[in-house]
There are 2 protein chains.
Amino acid sequence: MEQLESHACFGGTQSVWRHRSTTLDCEMNFAVYTPALAAGERLPVIWWLSGLTCSEQNFITKAGAQRYAAEHRVILVAPDTSPRGAGVADDPAYDLGQGAGFYINATEAPWAAHYRMYDYITEELPALVAAHFPVSDRASIMGHSMGGHGALTIALKNPGRYKAVSAFAPIVAPTQVPWGEKVFSAYLGADRKTWAEWDATALLEQAEERLAILIDQGAADSFLENQLKPEIFAEAAKRLGHPLTLRLQPGHDHSYYFIASFIGDHIAHHATALNA
Amino acid sequence: MEQLESHACFGGTQSVWRHRSTTLDCEMNFAVYTPALAAGERLPVIWWLSGLTCSEQNFITKAGAQRYAAEHRVILVAPDTSPRGAGVADDPAYDLGQGAGFYINATEAPWAAHYRMYDYITEELPALVAAHFPVSDRASIMGHSMGGHGALTIALKNPGRYKAVSAFAPIVAPTQVPWGEKVFSAYLGADRKTWAEWDATALLEQAEERLAILIDQGAADSFLENQLKPEIFAEAAKRLGHPLTLRLQPGHDHSYYFIASFIGDHIAHHATALNA
């Protein structure tokens, strides 16, 4: 594991690391924010999953989350969004291939060889983080857009593992919207029955755990109507009696200006659960 | 004047604009953050001047300043750092030409035709901002690195005009360090006597006004020893009895992680003076 960056930030350290991922069979970057620690102290970790086109950089440079992580004494881990590199399958479109891993395990060629972001985020990277950073055994997960889809599906597929889950403008029903239909066709193939295990709304139907979900959605988000459709998820949550707080934020778009405006609320929400 | 971006952010609006500058004879971008306003309300403005290689984007995407501007009810204006465009003189180096305007008026060819950032920041852009945004007549100024030099020199050259001034890792004595010697030779020519009017330490010697200055400097800043040398300015301030708070921040580098960590303190400092 190689350290690429280290910056003092709000009394702690924002660092960026590179390692060889055996799951993804490529070099991967990830970012970690650690507040100032007492000797031997370990802190809960919040996982942040970014959206389409993003790397580990977007969240750490634009969200302003470090202030709140320092205040609430939580560690933040921000992985990259897909396998990377010359030997990794790609596509010229922004919404397929590198930068668009969708936090699933691909089964179809040419993607299956490297695109196993679900296993990477739930197994390999947590083990690496636990081995090298002062994290406790308490974790939660959040994300934006494609990463909101990642956070919701990963939390729903792993009951008991995450103490909180939240999302900004998540893709909540990928099997029903163009972004999801495109990438699931490519990564998972034409048989739609296999798609359901990667769809937050479908997973909610079988949820064993009643983990309260917080979602913020910008009302002026240009992807709201065709790609995000939070009402699909909200209807299912209501019907199932699953606790969901969905806040439609007037005037807000899909950008990091939206995330920055509410990341403090999300980190407070997670910290309450992590420190409960 | 054309609006390039508009984002809801912390209850207000982060916008980016393009206009034709007559002073610089080119198209220029600038960014404005406006908190939520009551009808007819006008707010003080803090000018932010960025460092080498930056545009109007760096500060608004990375500093996390909007939260504090909303809290203290001040408007933030972040201009670009130099004239831009195909017809504007440039240099392949990062520290000369486009992205390196240094907030001075150039006198030498080929720079004099466009490089008049001092006039732009002190005359043309304030008039444009006053005409189009709900700013009061109270203003202050701050900046980073080259922009810290800009903020200090502009405040010192215009007594009474700015209610507060502060800087992050400023170039305080450009006539005595490589960055300044290089650009002043190019923009102002070989006669060093003409350089002094653009050097904060030299200007402090003649300061009519005792405006309190706040400077934060990262102790781990790789430019500290050769380019920034805050001790030169601190020695002059001490000798002259000029009020200066110079804080050396342990572990901090030259990045926006440093700025983000302390921008709240700076905006609070400015707001106190602006609302006095």
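**Close-up views of a two-chain predicted model**

**View 1. The two chains and the axis that relates them.** In this predicted model, a rotation of 180° with 0.0 Å of shift along its axis superposes chain A on chain B, with an RMSD of 0.0 Å (copies are superposed by least squares on the C-alpha atoms of residues with pLDDT of at least 70 in both). This is the relation of a two-fold axis. The same surface serves both copies, since 100% of the contact residues of chain A recur in chain B, where contact means heavy atoms within 4.5 Å. Residues are numbered from 1 along each chain as its sequence is written, while chains are lettered from A and ligands numbered from 1 in the order in which they are written. Local features need pLDDT of at least 70, side-chain atom pairs count only at pLDDT 80 or more, and totals for chains, interfaces and linings use all residues, while side-chain values use heavy atoms, with hydrogens and water left out.

View 2. Thr61(A) belongs to helix α1 of chain A, residues 57-62 (helices, H or I with at least four residues, and strands, E with at least two, are DSSP runs numbered from the N terminus). With a relative accessible area of 17%, Thr61(A) is buried, a word that stands for under 20% relative accessible area (1.4 Å probe, protein chains only). Leaving aside neighbours within four places in sequence, Thr61(A) is in contact with Thr61(B), Lys62(B) and Tyr257(B).

**View 3. The largest pocket.** A pocket is an open set of points on a 1 Å grid over the protein atoms alone, with protein on both sides within 12 Å along at least five of seven lines, and its lining residues have an atom within 4 Å of a point. The largest pocket has a volume of about 690 Å³, a volume being the space filled by probe spheres set on the points, which are joined across faces, edges and corners. Its lining holds 43 residues, of which Thr61(A), Asn58(B), Lys62(B), Ala63(B) and Tyr256(B) lie nearest the centre. Helix α1(B) gives the most to this lining, with five residues.

**View 4. The largest cavity.** A cavity is a set of grid points where a 1.4 Å probe fits but cannot get out. The largest cavity holds about 60 Å³ of space, and it is lined by Ala155(B), Leu156(B), Pro159(B), Val165(B), Ala207(B), Glu208(B), Glu209(B), Leu211(B) and Ile213(B).

Methods: Buried means under 20% relative accessible area, exposed over 50%, partly exposed in between (1.4 Å probe, protein chains only).
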